Amino acid sequence: MPSYTLLPEQQEAVNFYIQRKWFFNSSDMGTGKTLMTLDVAFNTGREDVLIICPKSLIDVWRREIVKFFGREFLSKFTIINYEKLKNKIGSWDMVIIDEAHYTKNILSKRTEAIVAMLNLVRPEY
């Protein structure tokens, strides 16, 4: 069982995100983007979630998942850095791209891999 309560503005954002196949959480720093995004995964029953983030943030994501949802929820996630991306292209229930500005060059291999992966996200949610 989750151990948090969303603020009204966070809950409003989460409700908006849940209604969409994809969303871009561009909330300001310190407003709970990580928690809101994880809440979407939790409340939509995602079982196979990929998180792509800078290597320095992998442990932060793990810690946040365990803190708010418990260690058992961690098994639903694969957390990789951008450099490992080419080895993880496949079909996922949800893909979370942290620090998405790492993919701003449309011609880069990294961005091409992200776009290819997003085209494989399972649409049944």
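**Close-up views of a predicted model**

View 1. Helices (H or I, at least four residues) and strands (E, at least two) are DSSP runs, numbered from the N terminus. The model is predicted: local features need pLDDT of at least 70, side-chain atom pairs count only at pLDDT 80 or more, and totals for chains, interfaces and linings use all residues. Residues are numbered from 1 along each chain as its sequence is written, and side-chain values use heavy atoms, with hydrogens and water left out.

View 2. Threonine 44 lies in the loop between α2 (33-43) and β1 (49-53). With a relative accessible area of 19%, threonine 44 is buried (under 20%; exposed is over 50%, partly exposed in between; 1.4 Å probe, protein chains only). Its side chain and that of arginine 46 are joined by a polar contact of 2.9 Å (a pair of N or O atoms within 3.5 Å; within protein, one must be able to donate a hydrogen and the other to accept it, and residues adjacent in sequence count only if both atoms are side-chain atoms).

**View 3. The aromatic pair of tyrosine 4 and phenylalanine 69.** The structure holds seven aromatic pairs (rings of Phe, Tyr and Trp, the last by its six-membered ring, with centres within 6.5 Å; planes under 30 degrees apart count as stacked, over 60 as edge-to-face and the rest as tilted). Tyrosine 4 and phenylalanine 69 form an edge-to-face pair, 5.2 Å centre to centre with 65° between the planes. Tyrosine 4 is in the segment before α1 and phenylalanine 69 in helix α3, 65 residues apart.
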